[in-house]
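Subject: Structure handover

Hello,

The structure is below, followed by notes on what was found in it. Please read them with the model open.

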Amino acid sequence: MDHEPPTVTRGPLIVLSGPSGVGKSTVVDRVIASAGLNLRRAVTATTREPRPGERPEVDYHYWTRDRFEAALATGEMLEHAVVHGRDYYGTPRSEVDPYRERGTGVVLVIDVQGAASVRQLYAGDHVSVFLDPPTFEELEARLRGRGEKDESIRRRLDTARRELERRGEFDRHVLNGVLDVAAKDLEAIIREQFVSRDSDKG
């Protein structure tokens with residue numbers, strides 16, 4: 001007698017956004033490292049130059065503008081945006097759907113523009129989270145601590161102000177004042193998503 005193979009519960013999709021410098025990747029990487037969940041962070045593609053310490057294909061896919069525009073033309077990108085008025089950022093489809101089909105949860109760490117696109121594409125099939133800085137002054141201090149040029153910092157701060165105005169578009173909010181606390185708060189939200197999907201399957 002043939003037995004049907006067990007169905008795999010589709011992994012949850014967590015859309016995490018927040019202003020530049022708030023620590024999105026740091027918080028997500030802490031959750032992935034410590035939570036013991038079947039979870040990965042989708043690797044974003046960008047045309048900006050790597051920052052000191054960033055690892056190609058791990059922190060970002062660093063693409064040329066020609067490579068990025070070719071991916072747009074062939075429909076490879078799930079979402080994309082021009083950030084800070086100059087650099088492309090976007091999520092390749094290959095970073096999301098194949099993993100979710102195998103039951104792996106995927107966290108998208110993306111800017112507010114990209115988050116809006118993904119929320120439309122996955123309406124009813126995601127949870128969106130906005131990561132808040134303790135204060136705008138603290139956010140500025142974190143950006144200055146990266147060692148970027150003043151022009152870059154000013155551009156990111158202008159973008160951050162606009163992004164903070166859109167925090168109300170998100171389902172949940174996490175304050176990144178203390179890293180361990182923020183990671184625990186985000187982990188709790190993600191665990192809820194895994195549990196609810198298992199309940200729906202049952």
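Contact here means heavy atoms within 4.5 Å. This is a predicted model, so local features need pLDDT of at least 70 and side-chain atom pairs count only at pLDDT 80 or more, while totals for chains, interfaces and linings use all residues. Residues are numbered from 1 along each chain as its sequence is written, and side-chain values use heavy atoms, with hydrogens and water left out.

Overall picture

The protein has seven helices and nine strands. Both are DSSP runs numbered from the N terminus: helices are H or I with at least four residues, strands are E with at least two. The radius of gyration is 17 Å, close to the 17 Å that the globule rule gives for 202 residues, so the protein is as compact as a globular protein of that length. That radius is taken over C-alpha atoms, and the rule is 2.2 Å times the number of residues to the power 0.38. The C-alpha atoms fill a box of roughly 70 × 40 × 30 Å along the principal axes.

Of the 202 residues, 50% count as buried. Buried means under 20% relative accessible area, exposed means over 50%, and partly exposed is in between (1.4 Å probe, protein chains only). The accessible surface comes to about 10500 Å². Carbon and sulfur atoms account for 49% of that surface. Areas come from the Shrake-Rupley method with a 1.4 Å probe; for residues, only the protein chains shown count as cover.

Take the contacts between residues at least 6 apart in sequence: 68% of them join residues at least 24 apart.

Helix H6

Helix H6 covers residues 150-164 and has 15 residues. From first C-alpha to last it reaches 21 Å, close to the 21 Å expected at 1.5 Å a residue. The expected span is 1.5 Å times one less than the number of residues. Its buried residues are Ser 152, Ile 153, Arg 155, Arg 156, Leu 157, Thr 159, Ala 160 and Glu 163. What covers them includes strand E6 (87-92), helix H4 (112-121), strand E8 (127-132) and helix H5 (136-144).

Arg 156 sits in this helix. At 6% relative accessibility, Arg 156 counts as buried. Leaving aside neighbours within four places in sequence, Arg 156 is in contact with Ser 20, Arg 48, Arg 51, His 84, Tyr 89, Leu 143, Arg 146 and Glu 148.

Gly 21 lies in the loop between strand E1 (13-17) and helix H1 (24-35). Gly 21 is buried, at 9% relative accessible area. Not counting residues up to four places away in sequence, Gly 21 touches Leu 139, Arg 142, Leu 143 and Arg 146. Gly 21 and Ile 153 are 132 residues apart in sequence, but 9.8 Å apart in space, C-alpha to C-alpha.

Ser 128 is in strand E8. Ser 128 is buried, with a relative accessible area of 0%. Residues up to four places away aside, Ser 128 touches Val 15, Arg 119, Glu 169, Phe 170, Asp 171 and Arg 172.

His 173 is in strand E9 (residues 172-175). His 173 is partly exposed, at 34% relative accessible area. Beyond neighbours within four places in sequence, its contacts are Phe 130, Asp 132, Arg 167 and Gly 168. His 173 and Arg 154 are 19 residues apart in sequence and 25 Å apart in space, C-alpha to C-alpha.

Two more residues

Asp 97 lies in helix H3 (residues 97-101). Asp 97 counts as partly exposed, at 24% relative accessibility. Leaving aside neighbours within four places in sequence, Asp 97 is in contact with Arg 10 and Tyr 122.

Glu 57 is in the loop between strand E3 (44-46) and strand E4 (60-62). Glu 57 is partly exposed, with 48% relative accessible area. Its phi is near 70°, a positive value in a residue other than glycine. Most residues other than glycine have a negative phi.

Best regards
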